[in-house]
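Subject: Structure for your review

Dear colleague,

I am handing over the structure we spoke about, and my notes on it follow below. Please read them with the structure open beside you.

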Amino acid sequence: MIRTVARTLLRQPGVHRNTRTLAPLSFYSTAPPPPPAGSKTVPSSFQVFNREAKRMQKERAASNAEESRQVDYVKDEVAFRVVDRLLDIRREFNEVVELGSGCGHIAKHVDTDMMKKLIMCDMSETMLNRDKDTEYEVPVERRVVDEENLPFKENSLECVVSSLSMHWINDLPGAMIQIQRSLKPDGVFIAGLFGGDTLFELRTSLQLAEQDREGGISPRISPMADSRDLGSLLSRAGFTLTTVDVDEVTVNYPSAIELMQDLRAMGESNAVINRRHLLKRDTMMAAAAIYQELYGNPDGTVPATFQILYMIGWKPSPTQNKPLERGSAKLSLKDRLEGEESVTPKVE
Amino acid sequence: MSKPKQTVAAFSKSIAACASTATAYGACISATMNDVHKGVCEKEFLAFKDCVQTSMKRKW
């Protein structure tokens with residue numbers, strides 16, 4: 001008896017006061033109120049990267065223009081390969097929007113046969129304007145844009161390209177839906193982004209070094225997309241005629257130290273939300289030694305793998321070619337193939 | 001590449017100069033790959049660290 005009384009007393013007061021003062025609000029749901037319309041919303045389950053930290057890293061990297069230009073090699077190479085895919089589309093675009101343009105790597109490779117104008121968008125203003133005095137073949141416009149929150153109107157763009165920037169987006173499905181929405185029907189989206197095997201050597205070396213020196217591991221290299229996921233992501237965002245392919249770029253460095261230094265100069269330092277801000281000197285040298293031992297080349301350099309995933313998707317349109325209806329074929333593929341097989345020996 | 005006056009470059013140079021101790025440490029980690037825990041290659045690491053510190057003329 002006493003026990004139950006005590007329990008009810010313990011429970012009651014808070015509840016009572018709450019329900020009375022904030023009557024209808026706290027009754028049914030403890031979820032926060034919906035954010036005002038038009039504000040940026042990334043569900044917390046998708047929050048992997050600290051976008052503000054990433055912007056600062058890019059600003060800082062680009063403010064040292066000389067060093068920043070020295071480390072353009074990976075982004076230039078991948079931008080060239082993305083442009084190569086754009087070249088396959090025999091269409092002259094009026095405007096092409098580039099998301100996460102960085103210092104203008106796509107701009108270096110495009111020409112007036114492909115587009116009349118390139119709109120470079122990046123979250124970092126300093127990076128965007130690093131080479132603002134450079135003349136490109138195609139006129140460019142620079143805009144500071146957060147790739148997670150696109151400012152473009154629905155059905156307004158002919159073509160969106162992106163090269164090595166989408167790996168820092170928290171909500172990749174959401175961003176792709178926004179891109180699909182902003183494209184005109186029959187508009188195309190082409191992107192290249194880092195895949196899961198990127199920097200696997202550095203990831204392993206740092207993990208082993210941290211385990212030996214400090215007895216635990218911390219998130220040093222971001223989680224990255226897998227090639228198998230991209231196809232589903234594209235379809236989920238509503239793209240059709242999707243294509244995904246994988247490619248690798250390997251760069252040799254004198255040691256892991258130079259690799260980490262170059263990554264920082266690219267503005268590609270770690271931006272995972274709960275990252276550790278400190279890499280101890282002991283751990284760093286341990287990682288360099290392990291990297292050399294496990295992956296080193298015979299000539300003393302160390303390779304770093306950059307895995308790049310390319311994806312192409314089209315916004316559906318009635319004018320696009322569609323597969324014919326099932327069963328509408330007039331020739332049998334089986335007969336055709338068997339026929340050829342029986343024909344070829346006769347010819348020989 | 002960076003100028004040699006930078007600490008990071010000097011650090012990298014010192015690590016390269018201690019290749020033999022670094023290899024010994026790397027080999028130790030590589031051998032215990034499936035059971036790496038804190039201080040598993042302490043002896044090899046200290047030799048490596050000692051060499052790097054001598055080469056850099058700095059202690060930490």
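**Where chain A meets chain B**

Between chain A and chain B, nine residue pairs are in polar contact, with both residues of each pair at pLDDT 80 or more. Please keep in mind throughout that this is a predicted model.

On the side of chain A that touches chain B, the elements that give two or more residues are helix H8 (200-214), helix H10 (256-265) and helix H11 (281-295) of chain A. H11(A) supplies the largest share of that side, with ten residues. Sorted by class, the side of chain A that touches chain B has nine nonpolar, five polar and eight charged residues.

Taken as a whole, the contact draws 22 residues from chain A and 28 residues from chain B. The area buried between the two chains is about 2,200 Å², and carbon and sulfur atoms give 63% of it. In chain A, the residues that lose the most area to chain B are Asp212(A), Arg281(A) and Met285(A), which together make up 29% of what that side buries.

There are also two salt bridges between chain A and chain B. In one salt bridge, the side chains of Asp282(A) and Lys49(B) meet at 2.9 Å, N to O.

**H11(A) against two helices of chain B**

The axis of H11(A) comes within 8 Å of the axis of helix H2 (residues 19-31) of chain B, and the two cross at roughly 75°. Because angles of 65 to 115 degrees count as roughly perpendicular, H11(A) and H2(B) are described as roughly perpendicular to each other. From H11(A), this contact uses Ala286(A), Ala289(A), Ile290(A), Glu293(A) and Leu294(A), while H2(B) brings Ala22(B), Thr23(B), Tyr25(B), Gly26(B), Ala27(B), Ile29(B) and Ser30(B). By class, the residues of the contact of H11(A) with H2(B) are eight nonpolar, three polar and one charged.

With helix H3 (residues 42-56) of chain B, the axis of H11(A) comes within 11 Å, and the crossing is at roughly 105°. H11(A) and H3(B) are therefore also roughly perpendicular to each other. Here H11(A) contributes Asp282(A), Met285(A), Ala286(A) and Ala289(A), and H3(B) contributes Phe45(B), Phe48(B), Lys49(B) and Val52(B). The residues of the contact of H11(A) with H3(B) divide into six nonpolar, no polar and two charged.

**Salt bridges in the whole structure**

Over all chains, a search of the whole structure finds 26 salt bridges. One of them joins the side chains of Asp131(A) and Arg69(A), at 2.9 Å from N to O. This pair links distant parts of the chain, since the two residues are 62 residues apart: Asp131(A) is in the loop between helix H6 (125-128) and strand E3 (140-144) of chain A, and Arg69(A) is in helix H4 (residues 65-70) of chain A.

**Two backbone angles to look at**

Most residues other than glycine have a negative phi. Leu241(A), although not a glycine, has a positive phi of about 45°, and its place is in strand E6 (residues 240-253) of chain A. In chain B, Lys57(B) has a positive phi of about 55° and is likewise not a glycine; Lys57(B) lies in the segment after H3 of chain B.

With best regards

Terms used: Residues are numbered from 1 along each chain as its sequence is written. Chains are lettered from A and ligands numbered from 1 in the order in which they are written. This is a predicted model: local features need pLDDT of at least 70, side-chain atom pairs count only at pLDDT 80 or more; totals for chains, interfaces and linings use all residues. Side-chain values use heavy atoms; hydrogens and water are left out. Contact means heavy atoms within 4.5 Å. Buried area is the accessible area (1.4 Å probe) that two parts lose on being put together, summed over both. A salt bridge is a side-chain nitrogen of Lys or Arg within 4 Å of a carboxyl oxygen of Asp or Glu. A polar contact is a pair of N or O atoms within 3.5 Å; within protein, one must be able to donate a hydrogen and the other to accept it, and residues adjacent in sequence count only if both atoms are side-chain atoms. Helices (H or I, at least four residues) and strands (E, at least two) are DSSP runs, numbered from the N terminus. Ala, Val, Leu, Ile, Met, Phe, Trp, Tyr, Cys and Pro count as nonpolar, Asp, Glu, Lys and Arg as charged, and the others, Gly among them, as polar. Axes are lines fitted to C-alpha atoms, for helices over the stretch in contact, and angles run from 0 to 180 degrees between N-to-C directions. Angles under 35 degrees count as roughly parallel, over 145 as roughly antiparallel, 65 to 115 as roughly perpendicular and the rest as oblique.
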